[in-house]
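Thanks for coming, everyone. I have one structure to walk through today. Please bring it up on your screens.

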Amino acid sequence: MAAVEAGPVPATSAPEDAARDASEAASAGPEVPPLPAGNRLSLHLHPGGCRRLLRLCAQQAPQLLEVDFLQLSGHEDPQLLEAALARLPWSLPRLRSLVLKGGQRRDALGACLRGSLTTLPASLSSLAHLAHLDLSFNSLETLPACVPQMCGLDALLLSRNCLSELPAALGTLPALTFLAVTHNRLRTLPPALGALSSLQRLDLSGNLLEALPPEIGGLGSLAELNLASNRLQSLPSSLAGLRALRLFILHSNLLASVPASLACLPLLTRLDLRDNQLRDVPPELLDAPFVRLQGNPLGRPPPDPPSPPGTPVVPEMPRLLLTSDLDSFAVTPQGCSVTLACGVRLQFPAGAAAAPVTIRYRLWPPEPRLVPLGPHDALLSGVLELQPHGAAFQQEVGLWLLFVPPRARRCREVVVRTLSGNSWSDLETCLEEEAPTRLWAHCQVPHFSWFLVVSRPVSDARLVPPEGTLLCSSGHAGVRVTFPPGATEEPRHVRMQVVRVGSRELQALLGEPEAASSPLLCLSQSSPSSFLRPVTIQLPLPPGVTGLSLDRARLHLLHRAAPAAAWDDITAQVALELTHLYARFQVTRFSWYWLWYTTKACVGSLAQKAWERLRLHRVNLIALQRRRDPKQVLLQCLPRSKVDATLRRLLERYRGPEPSDTVEMFEGEKFFAAFERGIDIDADRPDCVEGRLCFVFYSHLKNLKEVYVTTALDRRARAVRGQVSFYRGEVPEGVPEEAEAARQKRGPAALWMATLPIKLPRLRGCEGPTREPGLSLAPLNLGDAETGFLTQSNLLNVAGRLGPDWPAVALHLGLPYRELQRIRHEFRDDLDGQIRHMLFSWAERQAGQPGAVGRLVQALEQSDRRDVAEEVRAVLELGRRKYQEGIRHTSLAPRNLASPDRSPSPSPEPAQA
């Protein structure tokens, strides 16, 4: 059935025919489209959102006439999207906010994809009430011609498109107060931009701007101007005309000078000039408290003498400071120095890239498939992926990775490990210390791949020529390998690693007071073939034993081949030559060697037990509940030595049972936390497998997760006494045979590690109608019932939507930059933990203060997250509506306070998102 348009119908055109055809095709489907809830229509999360909108338009649903907010996905079919948009002026005549964002879909590596939107129908210019238009994360190369004709437009968001210029017609928008064109390809700005007399916030960060037009000084209402991460070398003096400016962001440019008139702006509270090329600044700015100058070469002489006249001036290498977790940045042949939000630094020397290239990166949480570790290695960082994989550079690129300081440093070294082809290798690494607890691993990388920082036993390598050579251990002078002449026909690389084993440590591990062993020796080579002549290995005798007094029957040489998991006694197969302090023997193939002195007959099993326990870490498990909200549970696996200090720090905000008994775990071992006895995890999580929360244990990283739990039991009658149990999972490669064999001996219960109690207290003051399960959180005092307030559940939903934009929100909420750095460091391996800690700690400080919710909404809008701000407003509106219905029901307010077409609620209840 053909749709009948409401209101005046213009002459038939090709786009309208396409819209009508698409609408008729869509209306033929069996599915009934959802009606809008209130005055909002959000179809961006529904498959086929455009088809649903076309069905509603075809049905002439009267609710459409009241809709003032519409959100569609930019990933829709372009023809369907154009057809649906062409219907808006007649089907949604009161539309005030239109959101057409991309970025909801991701590629195989998790990077956000741009939407397919490249233009807009010309008919959209007739949306007389439209005030908010969001076209972010799409594929726009030019601004649609209809946009400058939307005279009532108040906010225009064009971030993360492909715009190379802005039209001069943009200056004809008289009501525009907010313009965001971040992360595009703008090189110049039109002078007409200065005609936007109502503009209050302008964000042009992440572009290629080299200069500003003088007309920009005519923006008399401008309060916030963000020009970060561009290529500006100077600023026009007309900026002194921005008398309303409060916030001016210019970090990560190429500025060599700034006008002194900026100090005279009467309302300026922050001027961010970090990471530029300022060697001198006006005295008025140098001592101003609102100026940020970190990362500039202040007071340093120019690196080169002045060039002769006529010689082009080559600017210094650009520096980029990425303050949000963007997934890509551009590198030109000029080179650049980049600091990522996660703390990683990259330096591309001039000429490293022959042509402009886009570098993509991602910091992955560590997991066994991404972390190749040797038997005695320890992981010290997350996993950094740089793309394009295998991309070769004309010069080596400098890479700095932050890592956790290792607890044991004797005879160990820190290296950067990377994937080269199909094998992992260690790069030559030097360490740089910024603070006692802030260390960098620096290396030069010839190509891009995966990178991580590990601590390993000191490795000594040498190229063995046919003439022979001597290889000595730098960690233990008594360990050496002698290669005679003729041992190899072609030069081959050999490597030696020595693991020290203290006698007290060995006796504590085994409970054998008479057992002693030499250092553990690992030898490897680049060639799979054996040596042509025997190679002599020297090992020190076990402690307390000399060659003059030992009993040869108690001395055993053990050997472990790489594929096998057992230690073999080869004493009878080799000729042991003993001196006062050393034992020497000859081999033709390399592997692991270990010298033991013991009275035990079965030395292989004893060595196997010690080999396994040397790699085990003794840890305790904790489960704490937040004092303000017991449904927020913190789970952590800690080394035994750090439990007391961690609990002292956490018990100010958390409470819970004593830590578990000590358990032993391998580096890289998986384990699970399962909530039991009526308690479940509140939301679906990617790290939740069959109801169990998955962890991977790394001894130097924070094995911590914070979750919300819920219960289906009635907490009004009694408290819910549940528990969380920890179970073992997979063990890392190279360990399974011995670990599984040991666990089978202990029985099936060996998979269980610990159980800790979790208590959800009884709800008090809950007389009234039964609430839905999962919505019984006590309201946080953020706001009030009359104007609307947010609960912990609402804030948790907001935290789940912020993602990498949380630092911008935090700064707009008034949190100091130093606190952001502390949160990033404290939760450096947990993005969700960073967001929740920031939001909930801010909310606790704002509890009971007027205007807190409004400040949160304003901060979300200032951070270009109007989608989340709109959702918060909807929650507040729902809360206000329920409150008004409740007081109307009790005859405390006139009837017109509540909507006449809705039945009143029996009691005012906080809205839950």
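Buried, in this talk, means under 20% relative accessible area. One caution before we start: this is a predicted model. With that cut-off in hand, take helix H13. It is mostly covered, with 12 of its 16 residues buried. The buried set includes Gly833, Ile835, Met838, Leu839, Phe840 and Trp842. H13 runs from residue 831 to 846. From first C-alpha to last, H13 reaches 23 Å, close to the 22 Å expected at 1.5 Å a residue.

Now step back to the whole chain. There are 913 residues, and 50% of them are buried. The secondary structure comes to 15 helices and 49 strands. Take the contacts with a separation of 6 or more: residues 24 or more positions apart account for 61% of them. The chain exposes about 41700 Å², and carbon and sulfur atoms supply 52% of that.

Next, charges. Side chains of opposite charge can pair when their charged atoms come close. How many salt bridges does a search of the whole structure find? The count is 19.

Start with one that brings us back to H13. Arginine 626 forms a salt bridge with glutamate 844, with the closest N and O atoms 2.9 Å apart. This pair links distant parts of the chain: arginine 626 sits in strand S37, residues 616-626, and glutamate 844 in helix H13, 218 residues apart. Is arginine 626 buried or exposed? Its relative accessibility is 6%, so arginine 626 counts as buried. Glutamate 844, at 26%, counts as partly exposed.

Arginine 345 lies in strand S15, residues 345-348, and glutamate 432 in strand S22, residues 430-435, so the bridge ties together parts that are 87 residues apart in sequence. Arginine 345 has 26% relative accessibility and counts as partly exposed. Glutamate 432 has 30% and also counts as partly exposed.

Aspartate 714 is partly exposed at 40% relative accessibility. Arginine 716 is partly exposed at 31%.

Salt bridges link Asp377, Glu413, Arg417, Asp426 and Arg456.

What does its side chain contact? The side chain of arginine 492, in a polar contact of 2.5 Å. A polar atom of the glutamine 525 side chain also lies 3.3 Å from the backbone oxygen of serine 529. Leaving out residues up to four places away in sequence, glutamine 525 touches Arg492, His493, Val494, Phe531 and Phe590. Methionine 496 is 29 residues from glutamine 525 in sequence, and the two C-alphas are 9.0 Å apart.

Now the nonpolar side. In soluble globular proteins, nonpolar side chains tend to be buried together. The largest nonpolar core here has 78 residues, and Leu53, Leu120, Leu202, Phe248 and Leu271 touch the most other members. Two elements give two or more residues to this core: helix H2, 49-59, and helix H3, 78-86. H2 gives the most, with five residues. Look at leucine 202 in detail. Its contacts beyond four places in sequence include Leu179, Leu193, Ile216, Leu219 and Leu222. Glu224 and Asn226 are also among the residues leucine 202 touches. A second, separate core has 32 residues, including Leu802, Ala810, Phe840 and Ala852.

Last topic: backbone geometry. Which two residues are joined by a cis peptide bond? Glutamine 387 and proline 388, with omega about 5°. Proline 388 lies in the loop between strand S18, 383-387, and strand S19, 392-403.

Then two positive phi values. Serine 252 has phi near 60°, though it is not a glycine. Serine 252 is in the loop between strands S9, 247-249, and S10, 270-272. At 1% relative accessibility, serine 252 is buried. Arginine 677 is also not a glycine, and its phi is about 60°. Its loop runs between strands S41, 669-676, and S42, 679-681. Arginine 677 is exposed, with a relative accessible area of 57%.

That is my tour. Over to you.

Methods:
Residues numbered from 1 in each chain as written. Predicted model: local features only at pLDDT ≥ 70, side-chain atom pairs only at ≥ 80, totals over all residues. Heavy atoms only, no water. Helix = DSSP H or I, 4+ residues; strand = E, 2+ residues; numbered from the N terminus. Expected span 1.5 Å × (residues − 1). Buried < 20%, exposed > 50% of the residue type's maximum accessible area, 1.4 Å probe, protein only. Contact = heavy atoms within 4.5 Å. Areas by Shrake-Rupley, 256 points an atom, 1.4 Å probe, with all protein chains shown as cover. Salt bridge = Lys/Arg side-chain N within 4 Å of Asp/Glu carboxyl O. Polar contact = N/O pair within 3.5 Å; in protein donor to acceptor, adjacent residues only side chain to side chain. Core = buried A, V, L, I, M, F, W, Y, C linked by side-chain atoms within 4.5 Å.
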